[in-house]
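Open the model in your viewer and keep the selection panel at hand. The stops below go from the whole chain to single residues.

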Amino acid sequence: MTLTIVAVIFGIFAIGLIVLLIYKSTLTMHEDDQLFLDDASSHMHEEQTELLAKLKGLIVSMRVFATGSGIFMLVLVAMLIYQKLNEIQ
């Protein structure tokens, strides 16, 4: 029972991380490496500033989901190994 719960929690973290990575890739497709700004293209500068702010906020969420996914994967593997070792004895 607890193995199933840990596997479900790991799945939630993993799926959340995958969704965030896909979202980040769609955001970075619109990011420009170089901008030539004048008064007429100031809206492009504002868009890039908003995009960078979104990416900075997304990094924190990605770290949380990546850490949670890694921890629960390790717990899941440890529980599987422990369960298999108890079956042998």
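This is a predicted model: local features need pLDDT of at least 70, side-chain atom pairs count only at pLDDT 80 or more; totals for chains, interfaces and linings use all residues.

Of the 89 residues, 17% count as buried. Now look at contacts between residues with a separation of 6 or more: 79% of them join residues 24 or more positions apart.

Next, select α2, residues 42-88. This helix has 47 residues. From its first C-alpha to its last it reaches 69 Å, close to the 69 Å expected at 1.5 Å a residue.

Within α2, select the buried residues: Gln-48, Leu-51, Leu-55, Leu-58, Met-62, Gly-68, Ser-69 and Leu-76. Then show α1, which is part of what covers the buried residues of α2.

Now show side chains for Leu-20, Leu-27, Leu-51, Leu-55, Leu-58 and Met-62. These six residues make up the largest nonpolar core. Both α1 (2-29) and α2 (42-88) supply at least two of its residues each. The largest share, four residues, comes from α2. As background, nonpolar side chains in soluble globular proteins tend to be buried together.

For the last stop, keep Leu-51, Leu-55, Leu-58 and Met-62 selected, which belong to the core and are among the buried residues of α2. An α-helix has 3.6 residues a turn, so residues three or four places apart point the same way.

Definitions and conventions
Residues are numbered from 1 along each chain as its sequence is written. Side-chain values use heavy atoms; hydrogens and water are left out. Buried means under 20% relative accessible area, exposed over 50%, partly exposed in between (1.4 Å probe, protein chains only). Contact means heavy atoms within 4.5 Å. A nonpolar core is a set of buried Ala, Val, Leu, Ile, Met, Phe, Trp, Tyr and Cys residues joined through side-chain atoms within 4.5 Å. The expected span of a helix is 1.5 Å times one less than its number of residues.
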